[in-house]
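Here are my notes on this one, jotted down as I went through it. Have the model open alongside as you read.

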Amino acid sequence: MLFGAFGGGVWLLCWGSVPIAMADVYKYADAHGNVYFTDVPLKGGQYRLQWHRESGQLAEENRARFSQLQIERSPRGESKPLSRSLRARRARYEALVSANARRHGLSPALLHAVIRAESAYDPRAVSSAGAQGLMQLMPATAARYGVADSFDPADNVSGGAAYLRDLLDLFDNDLRLALAGYNAGEGAVLKHGRKIPPYAETQAYVRKVLQYLWAERPVHVTISSVPGED
């Protein structure tokens with residue numbers, strides 16, 4: 001299975017069935033700045049290996065990063081239990097989320113938290129800014145990651161998960177910065193000195209996703225608290 005990228009975005013070159021067993025993940029780049037994710041080594045001098053990790057190792061790195069978050073608990077850090085309808089919608093996409101988490105070396109809890117914050121598991125959701133689908137991809141982001149139909153759950157989650165993976169790599173696995181980049185764009189985080197931008201919406205978004213991620217802790221991850229603004 002091979003995923004390529006143009007200008008940093010992922011393009012699906014070949015789609016196969018979702019693997020059940022965990023596999024190694026390779027990240028390559030070429031002389032034109034295109035980035036490729038694949039579960040097999042690429043041959044040819046045009047590809048430069050950037051990193052190679054086992055899927056389990058990537059997941060462990062993210063779990064370790066989550067557990068290092070030391071943030072002050074407050075009443076606003078509590079997350080309400082899922083409603084019955086939300087639990088039903090979440091269950092509908094459980095296998096899809098798990099498959100993409102394995103593919104991109106992410107915690108399933110993180111993808112669930114982002115989807116809950118972005119669309120509450122509504123695949124037809126559209127924001128006032130024009131973001132679409134489960135992970136609320138903007139049209140430019142969808143195009144960047146080769147998402148042909150943002151309202152198709154498999155297409156949308158594949159693109160959103162690839163984007164999160166790139167953001168975590170860009171910000172050295174700093175989860176808060178990756179989430180800020182997902183909301184405001186990585187350019188905004190870089191512009192503000194690799195800090196969460198001083199936008200009320202983005203700061204609230206980071207808190208919300210981490211609250212939802214903390215709510216996933218019994219199964220997936222342990223997080224002690226929720227961050228405030230930088």
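1. Contacts come up first. Taking pairs in the protein chain with a separation of 6 or more, 52% of the contacts are between residues 24 or more positions apart. Keep in mind that this is a predicted model.

2. On layout, the protein chain has 9 helices and 5 strands. Reading from the N terminus, the order is β-β-β-β-β-α-α-α-α-α-α-α-α-α.

3. Burial and surface next. The protein chain has 230 residues, and 50% of them count as buried. Its accessible surface is about 10800 Å², with 53% of that belonging to carbon and sulfur atoms.

4. Now for the largest pocket, whose volume is about 470 Å³. Which residues lie nearest its centre? They are Glu118, Ala131, Tyr182, Asn183 and Glu201, out of 20 residues that line the pocket. Sorted by class, the lining has 11 nonpolar, 6 polar and 3 charged residues.

5. As for where that lining comes from, helix 4 (108–119), helix 7 (175–184) and helix 9 (200–215) each supply at least two residues to the largest pocket.

6. Buried or exposed? Asparagine 173 has 15% relative accessibility, and because buried means under 20%, it counts as buried.

Note on methods
Residues are numbered from 1 along each chain as its sequence is written. This is a predicted model: local features need pLDDT of at least 70, side-chain atom pairs count only at pLDDT 80 or more; totals for chains, interfaces and linings use all residues. Side-chain values use heavy atoms; hydrogens and water are left out. On a 1 Å grid over the protein atoms alone, a cavity is a set of points where a 1.4 Å probe fits but cannot get out, and a pocket is an open set with protein on both sides within 12 Å along at least five of seven lines; lining residues have an atom within 4 Å of a point. Grid points are joined across faces, edges and corners, and a volume is the space filled by probe spheres set on the points. Helices (H or I, at least four residues) and strands (E, at least two) are DSSP runs, numbered from the N terminus. Ala, Val, Leu, Ile, Met, Phe, Trp, Tyr, Cys and Pro count as nonpolar, Asp, Glu, Lys and Arg as charged, and the others, Gly among them, as polar. Buried means under 20% relative accessible area, exposed over 50%, partly exposed in between (1.4 Å probe, protein chains only). Contact means heavy atoms within 4.5 Å. Accessible areas come from the Shrake-Rupley method with a 1.4 Å probe; for residues, only the protein chains shown count as cover.
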